Amino acid sequence: MAWVWRLLFIFMMLWTVCQSHLHFAPSSRETSAAAAASNKTVKTGIAAEVAGYTDVAKRIIDLAVFGAARNRSYTRLADFTDTIGTRVSGSNNLDMGIKYMYNAMVKDGLDVHLEPVKIPHWVRGKESAQMLLPRTKSLAVLGLGSSVGTPPEGIKAEVLVVQSFEELKQRASEATGKIVVFNQPFVSYGKTVAYRAFGASEAAKVGAVATLIRSITPFSINSPHTGWQNYQDGVRRIPTACITVEDAELMWRIAQRGQQIVVQLNMEAKTLPDVGSFNTVAEIRGWQHPNQVVVLSGHLDSWDVGQGAMDDGGGAMISWEALSLIKDLGLHPRRTLRTILWTAEEQGGVGAQQYFSLHKGNMSNFDLVMESDLGTFTPVALQFTGSDAARKVMEEVVKLLAPINVTKLEDNGEGTDISPWMKVGVPVGPSYGFSINSFFSFFNFGRCFLNSQ
């Protein structure tokens with residue numbers, strides 16, 4: 001279903017850049033008056049404006065679904081991941097992936113350049129975990145990004161199993177010298193990931209020597225998940241890794257019976273000095289307002305234990321493919337369409353943060369920033385946060401998506417790489433199903449986005 005996501009990216013561009021400019025959020029005192037004044041205009045003006053893209057939308061759908069571009073983004077993704085493989089921050093593979101995409105997009109006829117950044121270089125090394133008591137059992141384990149390693153002989157210690165940070169605090173006197181196992185229930189990724197991010201430091205505060213954290217997922221087939229974790233300043237750094245849902249539940253049940261659990265943990269993880277890398281930028285320059293920009297994005301880096309196809313090769317290919325469809329159809333944007341393939345997203349959006357810092361001086365020229373980073377599953381809705389006037393516009397945009405069965409408009413959205421823009425009020429489109437988070441208060445309904453001559 002990757003073609004559906006390409007279309008969603010295109011349609012959001014169609015809507016956004018048909019506005020002469022998007023503005024930052026008004027004060028709360030201004031919002032009600034501005035929205036009321038614009039509602040009538042929205043109903044009568046923008047509905048017809050958006051409806052005017054019906055034929056263009058059909059051309060895009062026909063090319064992506066039935067025409068020469070059918071399955072192209074899938075083929076590009078397969079070629080890329082088969083050739084490069086894993087792309088962890090600081091690795092030679094990530095360098096190869098960036099060069100591969102630069103050359104591929106240049107060959108595609110896009111204007112491409114690289115913007116240098118400094119990124120973390122964490123190395124996993126060998127790692128293992130084994131339960132020694134009350135019985136012997138190998139534990140599937142994946143060290144968490146930025147974790148320190150164990151001593152060469154490893155850490156052999158009794159286990160304390162808890163289900164929450166609150167329980168850890170209540171049982172703090174039991175934690176000294178132990179390996180804390182977090183068996184937190186999965187609520188949602190956004191809420192539950194706090195245990196992966198902060199579990200090590202919270203356990204270290206009460207004297208733990210290491211942490212094993214239940215993988216942040218609702219499903220498991222004895223499969224541990226990795227990810228980035230954050231040490232708190234001034235807190236002793238202890239080794240931390242994820243274990244499977246099954247093993248966390250096993251140790252919880254054993255602990256509930258009052259039996260002693262002992263685990264041997266070995267990790268060679270280490271952090272090397274930061275290295276140079278690049279954000280990869282491709283664009284189609286706008287012919288009328290070239291300095292006004294619509295950004296489509298995904299990240300090129302991945303973890304070192306998978307191909308990085310869903311996270312986030314698919315998002316990178318979708319962002320590239322959206323420009324390819326526009327180019328292939330001979331459509332000329334009034335504003336610049338810019339695809340950015342971020343580096344070191346998995347380490348906390350490092351590449352995106354540095355890009356934002358470099359370009360924040362002209363932030364008012366960014367009309368919309370979008371990101372695809374939750375996999376290319378079948379989309380069911382657009383997620384949206386914005387003013388009443390903006391929602392009415394989005395209701396019209398959704399009508400263009402009816403041929404691909406996306407008819408719902410939902411609330412809220414987020415994204416690691418686009419979070420800096422969200423904080424300053426730039427309209428953004430995170431990748432939950434597909435979403436756009438808009439903070440603008442009114443629209444100028446001038447001439448629209450495409451000139452197909």
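A search of the whole structure finds 17 salt bridges. A salt bridge here is a side-chain nitrogen of Lys or Arg within 4 Å of a carboxyl oxygen of Asp or Glu. The structure is a predicted model, in which local features need pLDDT of at least 70 and side-chain atom pairs count only at pLDDT 80 or more, while totals for chains, interfaces and linings use all residues. Residues are numbered from 1 along each chain as its sequence is written, and side-chain values use heavy atoms, with hydrogens and water left out.

| Salt bridge | Closest N and O atoms |
|---|---|
| R124 with D304 | 2.8 Å |
| K137 with D247 | 2.8 Å |
| E202 with K205 | 3.0 Å |

The pair R124 and D304 links distant parts of the chain, 180 residues apart. R124 is in the loop between β1 (111–123) and β2 (127–133), and D304 is in the loop between β11 (289–299) and α9 (309–328). Helices (H or I, at least four residues) and strands (E, at least two) are DSSP runs, numbered from the N terminus. R124 has 8% relative accessibility and counts as buried, whereas D304, at 26%, counts as partly exposed. Buried means under 20% relative accessible area, exposed means over 50%, and partly exposed lies in between (1.4 Å probe, protein chains only).

D247 is buried, at a relative accessible area of 3%.

E202 and K205 are both in helix α7 (residues 189–205); because they are three residues apart, about one helical turn separates them. E202 counts as buried at 17% relative accessibility, and K205 counts as partly exposed at 46%.

Salt bridges also link R72, R76, D108, E321, K327 and D328 in a network.

The next topic is strand β5. Six of the eight residues of β5 (residues 155–162) are buried, so the strand is largely enclosed by the rest of the structure. Four bridges join β5 to strand β9 (residues 262–267), and the two run antiparallel; two strands pair if DSSP finds at least two bridges between them. In this pairing K156 stands opposite Q264 in β9. Four bridges also join β5 to strand β6 (residues 179–182), here in parallel, with L160 opposite V180 in β6. From β5 the chain crosses through helix α6 (residues 165–170) to β6 in a right-handed β-α-β crossover. Right-handed means that, with the strands pointing away from the viewer, the path from the first strand over the helix to the second runs clockwise.
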